[in-house]
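Dear colleague,

Please find the structure below, with the sequence alongside. My notes follow it, beginning with a question.

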Amino acid sequence: MRTLSLTGAQRWDARGPMRLQYDLKGNRDGADGLFARARRILGGGQETPEAPAEPMDMKNGIGRALRHAKSSHHSARSQVEKAARAISIVEGTLVATDAVDMALSEMQDVVSHALAAQEPAARMLCAQRFTTLIERIDTIVAGAVFEGVNLINLSRDNIELISPVGGRPHHAISHIVLAAGERGLNLKVPRQGFREDEEIEAAGYALTRARARLIKAADTFLSQVGCLAPLLQGEDAAA
């Protein structure tokens, strides 16, 4: 389990910042079977065993999700297939949230190093790395597109499954902005180059809030996708 801690300044700890001990990936263990069932449906009943991706292997993880989602492009008509497609999109989105989580973890390390550094040049290097990681998060979020849907950028896409009875939305997967800007994680570029402790500490608190938002988003996606599980049960019974 990776721990997000605000190490590097005792006065910082004394203020009582929120500390988060949370395994972003481990919390979705219960959804693994649901994701596997969705892949089996989208793959026409054939599920190819695959080795788990490394935590930072976002490209391969997203590629797998896209292949599963596209494999039944010709037959996305039934509620079962639509539900499986929605689940596959969420699975890919969670791969992206893992990559964002890794970036946030590295940013926390950068903040700790900056606070411990005494030389302005060393702090400036930390500020530059922090800025690069902000840009990485935006790149990850912008690339998290599955079947033309991005659930975490600024586009406000969402997924709705229409009930055959009444034509009303029956299930929905929300859009949650996880871009680095104010509408998302609200991470700010260190304009002063981390020269002052106050700017570094502000960045640390912003990271804590950002990861809290990321955790809540992942939990929300898991909860909403879990509601689609009953729609796949009929397919399992027929298999």
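In which loop does Phe194 have its place? Phe194 belongs to the loop between β4 (169-173) and α6.

Before the details, please note that this is a predicted model, in which local features need pLDDT of at least 70, side-chain atom pairs count only at pLDDT 80 or more, and totals for chains, interfaces and linings use all residues. Residues are numbered from 1 along each chain as its sequence is written, and side-chain values use heavy atoms, with hydrogens and water left out.

Overall architecture

The protein has seven helices and four strands. Helices (H or I, at least four residues) and strands (E, at least two) are DSSP runs numbered from the N terminus. Read from the N terminus, the order of elements is β-α-β-α-α-α-α-β-β-α-α. Of the 239 residues, 49% count as buried; the term denotes a relative accessible area under 20%, with exposed over 50% and partly exposed in between (1.4 Å probe, protein chains only).

Most residues other than glycine have a negative phi. Phe194, although not a glycine, has a positive phi of about 60°. Phe194 is also buried, as its relative accessible area is 0%. Glu147 is another non-glycine residue with a positive phi, near 55°. Glu147 sits in the loop between α5 and β3 (159-162) and, at 27% relative accessibility, is partly exposed.

Helix α4 has 38 residues, and the distance from its first C-alpha to its last is 55 Å, close to the 56 Å expected at 1.5 Å a residue. The expected span is 1.5 Å times one less than the number of residues. Of the 38 residues of α4, 32 are buried. Glu91 and Arg39 are 52 residues apart in sequence, and their C-alpha atoms are 10.0 Å apart in space.

The axes of α4 (residues 79-116) and α6 (residues 197-226) come within 10 Å and cross at roughly 165°. The two helices are therefore roughly antiparallel. Axes here are lines fitted to C-alpha atoms, for helices over the stretch in contact, and angles run from 0 to 180 degrees between N-to-C directions; roughly antiparallel applies over 145 degrees. The crossing of α4 and α6 is left-handed, that is, the near helix is turned anticlockwise from the far one by less than a right angle. The residues of this contact comprise 18 nonpolar, four polar and three charged. Ala, Val, Leu, Ile, Met, Phe, Trp, Tyr, Cys and Pro count as nonpolar, Asp, Glu, Lys and Arg as charged, and the others, Gly among them, as polar.

Helix α5 and the cysteines

Helix α5 (residues 120-143) has 24 residues, which should span 34 Å; its end C-alpha atoms are 35 Å apart, in agreement. The buried residues of α5 include Arg123, Phe130, Ile137 and Cys126. For Cys126 the relative accessibility is 13%, whereas Cys227 is partly exposed at 43%. A search of the whole structure finds zero disulfides, a disulfide being a pair of cysteine sulfur atoms within 2.5 Å.

With kind regards

Methods: Angles under 35 degrees count as roughly parallel, over 145 as roughly antiparallel, 65 to 115 as roughly perpendicular and the rest as oblique.
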